[in-house]
Structure formats: C-alpha cells, structure tokens
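Have the structure open as you read.

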Amino acid sequence: MANNNALNREREAYTKKHAKSKTMQAEAAKYLPGGSSRGTAYFDPYPFFVDHAEGHYVYDVDGNRYLDFMINATTYIVGHANPKVVKAVTDQAPKGLSYSAPTDVQVRLAKLLVERVPSVEKIRFTNSGTEGTMNAIRMARAFTGKPKYAKFEGGYHGNSEEVSISVSPPLSKLDPNGYNPVPEWPGQPPGVTNDVVIMPYNNLEACEDILRRHQHEVGCVIMEAVLSNIGYVPGKPEFLQGMRDLTKELGMVLIFDEVQTLRLAPGGAQEMFGVIPDVTCFGKIIGGGLPVGAWGGRDDLMALYDNQKGATISHPGTFNANPMTMAAGEATMTQLTPPVYKRLNALGDSLRAKLRATFDELDVPAQVTGVGSLFGIHFNEHEITDYRSYLKGDKAKLNAFYVGMMNEGILMFAKGIGALNINTTEKEIDQFVTAARKVVQRIR
Ligand SMILES: Cc1ncc(COP(=O)(O)O)c(C=O)c1O
C-alpha cells in the first residue's frame, strides 16, 4: 500500500510547479462548481490550466510541458492541432459553422464509416457519445418493444440518466451474491434502476442465466468489446462470441459501444475480434476533436429514424452533423489507413511489454492491461477480468503514480490508463517507461 506520504510528496512537488494554475483554479471555483464543467478534469490538489497543445504535447500556463497519453480521453489519435484537421476546420469556418440543412461532408463521413465498420449499414450523427448510446438504446427498445436493457457492472456509456447505473459502485454497495443495479448518485428515479439489468463482464455463464431470466423484458445489451472503464480489459473471444449468439437467440439487440475502441482497427473492436453486433455507437475520434457522437447499424433498425417514411423516432438536434465537426472528422479518419492502425497497435504491444518487464524487475505487484493503442496500469496483485477484480487495486498508490507521472512530464488518465497517437514512436514509449520506473521507485 503506498503510504499517504508518497502521495503528499508528489502533490507538494506538483504544487511547486503550478503556482499560476492554483490562482486560476481559485478564480474558476468562484463561478463554476469545482472550477470546471467536466467531472474528469478535476484532480487533487487542483488541475493545471492549459495554454496550448500541439502534436504529442500539452503546455500549461505555468510553463510545464507534458508528453500527452491522455489526448483528451483518447480523442486525438492524429495528435493535437493536427495540420490537416486544422486546415479542414479553418477552410469550413468562413463558409458558416452550422446550418439547418444537410451537407456533403456529412455524407462523406457517413460513407467512410459505413464502408469500414462491419455492423453499420446506416449511421446517424449527434453531438456526444452520450447521445449516441442514448439513441441506440431508445432504438432497440422501439424495435423490440421490450422496455429493459442490460449493461455490465463497471461499464461507462456516457452521462445520461439511464446508463448512470453501476458504473463505479463502491465495493460496499455490491451484492456479494449477485449483480444489483447501483445508482451513481442520489435521486435517480426508481424507474431507472428497475429498467436495467446488470451483468458481470467476461462471465458468460452468469450472463446467460441473467438474460434468460429476463428474456421477455430485456430489449438490448450494451457493451464494449474492451471494457474501458476498468483499464481496457478485453472480452475473452468465447465471451464476446457467446454474447453475440445469446442475444441473437433471445431476440435482443446487441449494441457495441465503440466510442473508444474504434481506434483499434478500421472497423473497430468488432473487426479486431470478429464479432459483429447489430448496432454500434461512436464518438471521440470520428469528430476529429470537435463534439461528436453517432450510432449506426442494420438498415431495418435505423429505418426507425427515416424521415422519408415518416420516422417512428424523431431525432432533432441543433448541431447534429454540423459541418465543422464533420470536416474535422473526415480529415482525421482519412489519415487512419490500415498500416497506421497496425503501427499504433504494435507500439501499444511494445509499451505493455516494456512496462511489464520494468514492474517485474522492480518487483512491483502490478497488472498491465490494454489492447492495441489503449493501455492500463494497475497496482493490483490479481488478474483483472471484470469490475470486481479491478476494484482490488491499490488506489492510493495509483493516485501517487498519476501525480508522479505529471511531475515527470507525462500525462495520462487519473485511472492509470492512456492511449497512443500517430506521433508516438519507440522514443516516446521509452520516455513513458523511464518515467514510470522513476515514479514507482519513488512511491513504493
Ligand atoms: C465507452 C464510452 N461511451 C460513451 C462515452 C460518452 O461520450 P461523450 O463524453 O462524448 O458523451 C464515453 C466517453 O468517455 C466512453 O468512453
């Protein structure tokens, strides 16, 4: 267990390097609860304020530079301020930022995604991953006529009320004999908890038992092929295929949330694992760094939104498919050719191997998780396969590691996870591993 001294020492070192950010945080907290509009932007003692970002780097107002593996929650797969993306956005801006009519660039991005992602015959854009998953579940309910949906314990699918159940429940609220839905905050209506069924990841037998019992009320299962929220833990091949077969047999729509995992292959995790869902949700990389979300799937499902035939479900949205986002998305996605994915994934393998070797050499009990260009570090003696095994990690040590890595000029998610981008080479991988070695030696 990292003692609090280690964490305090790292925080002190951080505070010394971030005097201006401290003043700015105090000012911000007068007008914004906690000083910001984004839950994940805050960490103790206070976050640094950004001045600018370029390529692999973020620069803060205090003059510190970070080699960025956070890249806005995996979004900047082509790096910050990528020249082609900047050009696409600056070409579009003078022509108007958004209109209440369709544009060709929307069609081009839709075509690219339909051609690449095996499950998608039609796609619809919106402004966040949250809206994408919300609509996918709504569509599945309308299609099947079944009111409930199933999700995995520890799965994050955005910030809407209905998916904010059992995302990060504390151990004390988990039923040791089952998988109870745990509200994320007070005041969530009973309808929300009653309409969701919770399952354990990577445990096909338990999922089968749960889904068969709820067969007549559950219309869909939403899941990731790699569970991001617990450090990019992949579904085992027989588990993923089993979920595909089971949902098909039970008349449930299988939704893959590929908001993060689309970066694993041109066709996302579904292509990588060879398991094709009915519906796919998108976000992050497909908008090139501007607000975006989307969902797509089989024609007969997506037809519920077809205005030419009198849409069953209406989907308005002032900024849906705005040309700024579509242009940035197109400029990003067209840079992602098959060799680019291959290279990124090989670098991810290299990072994981080097981290594992370092932790072994230093005799630090740690797990290195992840797939392709997504990685996770856990101070956990146990193999991580689901949310409950993930919870066994040493949180205090992870906090100290996170702040320590920032003190070494490396940025990642506070959860000890991160992602690579096209500017990453073995040099940046080595910088990361060298910093990790220094920090674990300091905090052990
Ligand atoms: C797997 C997954 N689904 C959905 C979302 C929600 O996307 P957004 O933040 O754009 O609403 C996220 C965001 O991190 C995510 O990681």
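## The strand and its partners

Thr369 has Gly376 of E14 as its bridge partner. This is a predicted model, in which local features need pLDDT of at least 70, side-chain atom pairs count only at pLDDT 80 or more, and totals for chains, interfaces and linings use all residues. Residues are numbered from 1 along each chain as its sequence is written, and side-chain values use heavy atoms, with hydrogens and water left out.

Strand E13 (residues 367–371) pairs antiparallel with E14 over five bridges; strands here are DSSP runs of at least two residues, numbered from the N terminus, and they pair if DSSP finds at least two bridges between them. The two make a hairpin with two residues between them, and Gly372 in the turn has a positive phi of about 50 degrees. E14 also runs antiparallel to strand E16 (residues 417–419), joined by three bridges, with Gly376 opposite Ile417.

## Which way the side chains point

Five of the five residues in E14 (residues 374–378) are buried, meaning under 20% relative accessible area (1.4 Å probe, protein chains only). Leu374, Gly376 and His378 point one way, while Phe375 and Ile377 point the other. In a regular strand, side chains alternate between the two faces of the sheet.

## The ligand site

What sits around the ligand? Its surroundings include Ser128, Tyr156, His157, Glu224 and Val259, counting residues with a heavy atom within 4 Å.

For polar contacts (N or O pairs within 3.5 Å), a polar side-chain atom of Asp257 is 2.7 Å from a ligand nitrogen. The side chain of Lys284 has an N or O atom 2.7 Å from a ligand oxygen.

Note on methods: Polar contact = N/O pair within 3.5 Å; in protein donor to acceptor, adjacent residues only side chain to side chain. Buried < 20%, exposed > 50% of the residue type's maximum accessible area, 1.4 Å probe, protein only. Helix = DSSP H or I, 4+ residues; strand = E, 2+ residues; numbered from the N terminus.
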